[in-house]
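Subject: The structure for you to look through

Hello,

Here is the structure I promised to pass on. Please open it beside this email and follow along as you read.

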Amino acid sequence: MSISRDSFHSRIGFVLSAAGSAIGLGNIWGFPTNAANNGGGAFLFVYLVVTLLLALPALFAEIYIGNQAQKNPVSALGEACANRMPRVGRTVGKIGLCGAIMMLSFYTIVAGWMLAHALSAISELAGLAELSAWLSSDSTVRNIIFTPVFILLGAAIVHQGVHGGIEKWSARLMPLLLVMLIGLIVYILQQEGAGQGLAVYLIPDFSQVTDPKLVISAMGQAFFSLSIGVGGMMVYGSYMQKDKDLGKLVLSIGVLDTMIAFLAGLLIIPALFVAQHAGHEIFNNEELIGEGQLIFQILPALFNSMGTVGLIVAAGFFSLLSIAALTSTISSTEVPVSYLVEEKALSRKKATWLVSFIVLCSSMLLVAFFDTLFGLVIRVLTTIFQPLSCLFYFFVVGWIWNRGNKLTDKAVLDNNIYLKLWGNYLRFVCPVLLTIVFINVAFIA
């Protein structure tokens, strides 16, 4: 017996929600950091090429499986693999639930840092210097307080449902994120030193595009920035009307995601050179000092040196990162929630709070054993789990799933040469490309 499922009520709601899932801290900090460390414009060029060749097809494969099945990832993969390996399909779907929990366990901690830094700038503006200093400090107590706060924010949206929660809030948060990002770019580009950063970012040195380190970095960033491989895009695809111009929708998501990453580069890289112009040491042997930690060290120092205006910019910057993190955590939370609602008959409210409690326990475990577990969980998820999951999606779409799959239906393909070419690309080319990415990122990089 089929049950009535909640769904997205508009194409734009789906695109904004899926783009919100993809657009996160990886785009707004990871992409600019990788670009600054790998030739600026050359990295941007390779990133765009790899996005077209691999990341968008991977995104299509995940959304396509969910859209055709109109079910949660466990049921969708089980149905797609029903003729040949139904247990394997469902098992991979359940592993995906664990992957979503893994992602949330560390992502909510980092998101809590962003929220704390935003409040730190606001506290400084309000004259609460001691509170501001504590909020910007790296402490276990701060993690214990702010991680649950962020988990509650995500849960409050997810438990309202797909249309009433996810779609409604994505439609509000995504435009706000874009406006804030553009506003910060306009301000930073007016500062001394920004022009040098702009030139590094936008003018590629094509002699660098064959650098193996650059290519590997661009491949990893393009693949992981779209939030593929943990089922979030699959469950979002299942909430969209079946066969509703998926190709165009996936392209829209990819364009939005890439645009935000590009704009983030326009903000962060010039900001680094503004900081350098102001006397802060940014590079050591042409590599960023501290890489990802610069966001909590150099940029706050730059903002503080700007006086009151700098604190306002800091509050806006870290609020921007908090919004990006929130839209990403929503989709990961929805993966296990959809499974519990559809297969275990829990109410959405109970499922949301159960998942949130599990995430809280996982996050607190990482906080308690931070030095040992935090980096390990991130590496296992991003270099092993996500690429292998997506490789399985390619095999499902191209080789395993026959009944109801237009991409392997000979009669359909014989009448549509473009669909045939696309199906063959997903079937033959993408698994090879993704295997190369996996080997290089997991074992060589």
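Below is what turned up, one topic at a time.

**How to read the model**

This is a predicted model, in which local features need pLDDT of at least 70, side-chain atom pairs count only at pLDDT 80 or more, and totals for chains, interfaces and linings use all residues. Residues are numbered from 1 along each chain as its sequence is written, and side-chain values use heavy atoms, with hydrogens and water left out.

The score called pLDDT is the predictor's confidence in each residue, from 0 to 100. For this protein the mean pLDDT is 87, and 96% of the residues reach 70 or more. Confidence is highest in helix α15 (residues 348–368), at a mean of 96, and lowest in strand β2 (residues 287–288), at 66. Where pLDDT is low, the predicted coordinates should not be read in detail. The names of helices (H or I, at least four residues) and strands (E, at least two) refer to DSSP runs, numbered from the N terminus.

**A helix inside the structure**

Helix α2 covers residues 25–37, which is 13 residues. From its first C-alpha to its last, α2 reaches 17 Å, close to the 18 Å expected at 1.5 Å a residue; the expected span is 1.5 Å times one less than the number of residues. At Phe31, α2 bends by about 25°, the bend being the angle between axes fitted to the seven residues ending there and the seven starting there. A proline, Pro32, follows within four residues.

Is α2 mostly buried or exposed? Here buried means under 20% relative accessible area, exposed over 50%, and partly exposed in between (1.4 Å probe, protein chains only). In α2, 11 of the 13 residues are buried, so the helix is largely enclosed by the rest of the structure. Among them are Trp29, Phe31 and Pro32. Just after α2, Gly39 takes a positive phi of about 85°.

**Salt bridges**

Side chains of opposite charge can pair when their charged atoms come close. A salt bridge is counted when a side-chain nitrogen of Lys or Arg lies within 4 Å of a carboxyl oxygen of Asp or Glu. The whole structure has 5 salt bridges, and these are some to look up:

- Arg11 and Asp245 meet through their side chains at 3.4 Å, N to O. Arg11 is in helix α1 (residues 11–22) and Asp245 in the loop between α11 (232–238) and α12 (246–277), so the pair ties together parts that are 234 residues apart in sequence. Arg11 is partly exposed, at 34% relative accessible area, and Asp245 is partly exposed at 39%.
- Glu343 and Arg90 have their closest N and O atoms 2.7 Å apart. This pair links distant parts of the chain, with Glu343 in helix α14 (residues 308–343) and Arg90 in helix α5 (residues 86–125), 253 residues apart.
- Glu79 and Lys71 meet at 2.7 Å, N to O. Glu79 is partly exposed at 36% relative accessibility, and Lys71 is partly exposed at 32%.

**A nonpolar patch**

Which residues form the nonpolar patch on the surface? They are Leu128, Leu131, Trp134, Val141, Ile145, Val149 and Leu153, with about 550 Å² of accessible area together. Patches are made of residues with over 30% relative accessible area and no salt bridge, where like charges are joined within 9 Å and nonpolar side chains (Val, Leu, Ile, Met, Phe, Trp, Tyr) within 5 Å. The areas come from the Shrake-Rupley method with a 1.4 Å probe, and for residues only the protein chains shown count as cover.

Helices α6 (129–135) and α7 (140–158) each supply at least two residues of the patch, and α7 gives the most, with 4. Ile145 lies in α7 and is partly exposed, with a relative accessible area of 40%.

**Two loop residues and a pair of distances**

Gln70, in the loop between α3 (41–69) and α4, has a phi near 55°, a positive value in a residue other than glycine. Ala345, in the loop between α14 and α15, has a positive phi near 60° and is exposed at 67% relative accessibility.

Pro73 and Leu97 are 24 residues apart in sequence and 8.4 Å apart in space, C-alpha to C-alpha. Cys390 and Asp409 are 19 residues apart in sequence and 22 Å apart in space, also C-alpha to C-alpha.

Happy exploring!
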